[in-house]
Amino acid sequence: MKTYDAVIIGAGHNGLTNAAYLAKAGLDVVIVEKNDYIGGAAVSRQLENGYWYSSCSYVCSMMRQVIHRDLNLTKHGLMLVPYLGTAAFGENGQTLMAYTAEGPAYNELKRFSAHDADAMYRLLADLDRYSTLIRKTLLRTPPDPGSFKPRDIKELMFLAKTFWEMGEAEIYEYIRFFTMSAAEFLDDYFENDFIKATMATPGIIGTALGVDSPGSAYILLHHVMGDVDGTIGAWGLARGGMGAISNALAGALQEHGGEIRTNAGVDQVLVKNGKAAGVVLENGDEIHAKLVVSNLDAKRTFTKIVDRDDLPPGIFERAKNFKIRGSSGKVNIALDGLPKFNGVPDNRYINRGGQAFIGSMEKLERAYDDWKRGKWSSDPFIESVIPSAWDPTVAPPGKHWMSNFIQYCPPQLADGPWTPEKRDAFGQTVIDKIERHSPGFKDLIVHMEVRTPYEIENEVGLTEGNIFQGELTIDQLLFNRPFPGYAQYRMPVKNMYMCGSSTHPGGGVSSACGANAAREILMDLKKPNTVPEDDCHDTQYNIF
Amino acid sequence: MTLNTTSSEDRFAGERLKRTPFYPRLKELNLREAWDEWNGYKFADHFYDTDYEYFCIRNQCGTYDITPMQKHLIEGPDAEAMLNRMVTRDMTKLRVNRVTYLCWCDDGGRMIDDGTIFRLGEEKFMLTCGSPSNAWLAKSAVGFDNVTITDITDDTAAIAFQGPVTCEVLKKMGLEGIENLKRFGIMTFPFEGETMIVSRTGFTGDLGYELWVPAELGLKMWDKLYAAGEDYGIQPVGEGAVNMARLEAGLIMPYLDFSEALKTVHYKHDQSPLMLNIGFTVDFKKPHFNGREALLAEKEKGLDYILTKLDIEGNKVAEEAILYAEEECKTEIGYVTSAMWSPAVKANIALAMVKPEYLEKEIWAEIYFYKELRPYRKMAICTVRDKPFYMPPHASQTPPAIF
């Protein structure tokens, strides 16, 4: 029977990136995927004729452009198009437009508060500074602070130097920043509640924290540190939907001779003499390989597909307690036409960008309260974008689809398990809220895909439907991700690695986890490194 | 004495730029008031945002007002012979309803301008180019009795309509059979009692067409095109966006990559088509044409510089960079003519003049860039590219893939 050099479990974007780099380095690799389609959470699916939903992830700003360039993803069909202009909806008909040009954006903020319009510049400079630091670490393996290996010491020195360059005062601010709530962080800048709420929402997306929870300030940064061609905070749409990213990575993988097997869910990792030796598929087939890379989240990897007896003591418990709480839902809606929103002028720019249904700081925190009680938010925060307004390939001409990301939606309900009826009731809550800001919206609906954490877990395989493969709190970041001592992509079983978002630098369609893991694997195999160094743009201001 | 006269009289009329037939629509859409000029016409650098407009070209469709581009009709029994004497390509090979890209040179083989020639009939050609060419055309026609040359720039309204969905939009506009039009082909359609010429040409490297009608029908064509493009993201694009697209396509731009020979003071500051790496437009097999001997001699002797496509490491744009043979900047081997960060291929790209003998060796760019007003310097290694940086398959397909 054939023995591959490597088998990668899970054809999400990080698994594909990892496989592509291993194949590029000359390894004989196969990637196995439980679904009959690839992409994991970076996927485009046609569930209604002519409409292509980005079913899970829907926008992209962290994709490492150096990987895009290096793997020639444009040749494999990838084009990332930035979208502009978001309309935010507050209480009592308030709207706040994120205009593209600096002057109009400033004027708009000034309608609410002259103070806050000025303060926005300071916030952006501060976020820029903080994110510059993090961005430098994305395509690097975190150092092990307890190790005395020259490599770890060198990497610790790099971190210390980068940190020190910010200046002493900023270092204290930065440390505070990691433990603050988004609300506390923003209190230092803004007086207007609606502006504060608008800026706070990136702090709760995908996380089981509220705007007042310590740690949400970092989540905010994680969401705004990305860029599109150097415009920090900008978001891109993949032409053809997020699946275009996975498809392009798959193209690169195949170009280098890699193999992709779908309908091939893994039942168990084969471990022989303490070393990973392949996988057993759900259908009983075995795939033998010299090393095994799991793109599944840490909890799933060590509690579901690795035999507890093959693990060193304590790992199973750590994995079981890995913080990976589902908190988000997704409602994808096919529309008969472009919706119009209250207070938003119907022009080709502002009405073609995103929508954020926010309310107020208090509403955001109350939405979180519902989640804590095992209910979906009765008045949720919804972040939306209409990709078809920008991308001619994802809906028929004149028709549209709207991606709605919902915070919060729990993986388990207080009143018993999720049922199709409860799922639909959740979807109803979402469209009721949109309808309040867009009269006639419901009449435009052609088809809906409602996804609670239950569907996300069962279809994609993300435990509890957590979009980051594990919370992005400081106890689970950098050298603590996923567990202390195992942050360098090598796992407690010999010849086994992890390459998913459970590893540094965490969630987001960045390809960084997969690429970093490939670099470590090649190092262990004593092969020349083919994973490029990062290439962050010097950033430039972008309001919002 | 008062400063103002009657309101009906514009005392500054002579100072103001001409307006193209599309101006009533353009001024509404130019939210940023970002105007530039081209051949005496008011002309947009951008309307909303250069990057946004660039992505319209790459992702949806954009309209670029090419009215200010010069258009000359050359007609008569001697038209073919006259042009064949003037331009570098063999005009006898250009069939009716086809377009070709070419250039013309002075006696020294230095390039005066590049452009396109449309063969509209056996004895009817249209030459388009960036700068006015009336004087040179007149000079070139000396000795050809049966040829008339007419400048139709001001009488023609023209739009370059570029992007992956353009064919779909033109189909919706009612241009039957447009999907069968091949690259550099011409079709004509009746339009409001006149004729609309549609050519599958452009300056973006993407799928695209150019639409030509008499000036007085310009607005009607605009409105019809915009009605058809409503659901396809149609958007006016300015020079900024087109300049980005053309560089990704590896196409040269006057005043950036080349200096027009007739306007150049120093002979070392203009270029020959061979230096500009458009030698494919020079046909030595045909009999005498302007600059032939000089170009042959240059070919024999070897070029001083050749325009080269560079992929430069990192993301610091190499604008105005000098090129060296080594990181220590000892041997100067060339200079960058245009450079940008390419959003389509995520690469740091440039066109540069490089001494040919160094093409196979290391090429280093000395790049200056700014961070918050402070200049920094960086040496970056360059890789020579043979093909255009961005070459989407739909640009050359017939019929083009839908989207």
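Guide: A polar contact is a pair of N or O atoms within 3.5 Å; within protein, one must be able to donate a hydrogen and the other to accept it, and residues adjacent in sequence count only if both atoms are side-chain atoms. By that rule, 13 residue pairs (both at pLDDT 80 or more) are in polar contact across the interface of domain 1 of chain B and domain 2 of chain B. The model is predicted, with local features needing pLDDT of at least 70, side-chain atom pairs counting only at pLDDT 80 or more, and totals for chains, interfaces and linings using all residues. Residues are numbered from 1 along each chain as its sequence is written, chains are lettered from A and ligands numbered from 1 in the order in which they are written, and side-chain values use heavy atoms, without hydrogens and water.

Visitor: How do you know where domain 1 and domain 2 of chain B lie?
Guide: The bounds come from an automatic or database domain assignment, which gives 10-304 for domain 1 and 306-395 for domain 2 of chain B.

Visitor: What makes a residue part of the contact between them?
Guide: Contact means heavy atoms within 4.5 Å. Domain 1 of chain B gives 26 residues and domain 2 of chain B gives 23 residues.

Visitor: How many salt bridges link domain 1 of chain B and domain 2 of chain B?
Guide: A salt bridge needs a side-chain nitrogen of Lys or Arg within 4 Å of a carboxyl oxygen of Asp or Glu. The count between these two domains is zero.
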